[in-house]
Amino acid sequence: MNTSPNVFSPAQLGPITLRNRIIKAATFEAATPEALVTDDLIHYHRRPAAGGVGMTTVAYCAVTPGGRTDARQIWMRPEALAGLRRLTDAIHAEGAKISAQIGHAGPVADSRSNRAEALAPVKFFNPIAMRFARRATRDDILDVMAAHAGAARIAIDAGFDAVEIHLGHNYLASSFLSPLVNRRADEFGGSLENRAKVARGVVNAVRQAVDEQGGSIAVTAKLNMSDGVRGGINLDESLQTARWLQDDGGLDALELTAGSSLLNPMYLFRGGAPVKEFAAAFKPPMSWGIRASGNKFIRKYPYREAFLLREAKQFRAELSLPLILLGGITNRETMDLAMAEGFDFVAMGRALLAEPDLLARIEADGSVRSICNHCNECMPTIYSHTHCTLTGAPDR
């Protein structure tokens with residue numbers, strides 16, 4: 001007898017209830033040219049909300065100006081509040097919940113675009129910015145933790161139902177976790193316990209801020225299971241970090257991810273490796289460099305449904321914390337598999353970018369298949385206006 005939950009049934013996530021167990025994953029929208037909410041951004045998230053998703057995730061809501069990957073991203077400050085409220089009201093009107101992905105990009109931040117200093121565990125060169133990120137001091141780290149708490153307060157005031165703390169992809173907290181990137185010898189380097197202090201401190205700061213505001217929103221985090229590079233975060237260390245995060249009690253759920261925006265981004269995006277399209281998104285000399293050697297960075301990994309499931313099952317076996325399965329979730333069978341394997345939620349990205357109404361059609365007919373062919377040509381569109389190249393850019 002099948003006792004796993006129906007993926008389209010309501011589910012509790014901390015203090016909130018989602019109408020189903022499907023979350024639209026954070027995907028940078030390229031719809032905020034002034035780092036503020038636009039009608040374009042609202043339209044971007046309203047479409048999957050109207051299409052049946054339980055919760056949509058706004059990406060990326062940086063906690064400081066220098067924590068953005070580039071200047072077109074929202075950073076959480078009072079000036080953004082009115083627009084954020086318009087956004088959350090629009091999503092609630094469609095019956096869905098909405099989460100803000102909050103974080104600090106660390107060495108991934110484009111300091112040239114942001115006109116603000118980037119931070120990293122050690123001095124680190126960003127080839128996109130053609131600038132070095134500065135080694136973060138203890139005071140810098142404490143300031144970033146406090147900024148996460150401030151961002152959570154803004155999210156609550158703006159009407160968000162949840163925040164997702166970015167602990168993945170070698171953004172700041174993840175770069176501290178990485179033994180490859182983090183070569184410090186102080187209290188934030190060396191042992192895993194030291195390297196995990198930033199991630200744990202950020203989560204604890206957010207949890208405290210949320211509880212002080214009445215605990216009305218859910219707190220989740222996105223954590224790398226593996227960086228996909230030799231010497232980076234590996235599964236055993238990530239699992240220990242997840243145990244600590246669970247024991248700390250700051251999270252309502254954990255989303256499991258993989259890959260390094262610094263070193264191996266395609267480890268998360270299995271399928272095509274659009275080197276030519278990435279090159280076209282940049283001006284010379286960057287475009288020349290990508291054409292010449294982009295295949296060493298934009299690597300190709302074969303696609304399969306639920307491609308992170310094997311690693312994620314090890315987390316499911318060890319943790320009681322609710323888990324969100326990401327990666328290759330495109331049809332009803334895969335969703336049901338995730339539920340049968342004990343995952344509480346699934347997260348979808350590219351399939352919903354291609355077809356925002358996909359979930360409504362799958363709920364009506366379980367045989368419906370996504371048109372997404374995993375070409376990944378949507379990825380370079382984050383430098384202009386994020387869209388599926390199969391269906392074309394939506395009307396703004």
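At what angle do helix α4 and α7 pack, and how far apart are their axes? In this predicted model, local features need pLDDT of at least 70 and side-chain atom pairs count only at pLDDT 80 or more, whereas totals for chains, interfaces and linings use all residues. Residues are numbered from 1 along each chain as its sequence is written, and side-chain values use heavy atoms, with hydrogens and water left out.

The protein chain holds 14 helices and 13 strands, where helices (H or I, at least four residues) and strands (E, at least two) are DSSP runs numbered from the N terminus. Of its 396 residues, 61% count as buried, a term that stands for under 20% relative accessible area, with exposed over 50% and partly exposed in between (1.4 Å probe, protein chains only).

Helix α4 (residues 138-158) packs against α7 at an angle of about 35°, and the two axes lie 8 Å apart; axes are lines fitted to C-alpha atoms, for helices over the stretch in contact, and angles run from 0 to 180 degrees between N-to-C directions. Contact, meaning heavy atoms within 4.5 Å, involves residues of α4 including I141, M145 and H148, and residues of α7 including V198, V202 and A205.

Helix α7 has 16 residues (residues 197-212) and should span 22 Å at 1.5 Å a residue, which agrees with the 22 Å between its end C-alpha atoms; the expected span is 1.5 Å times one less than the number of residues. Among the buried residues of α7 are V198, V202, A205 and R207. Just after α7, G214 takes a positive phi of about 100°.
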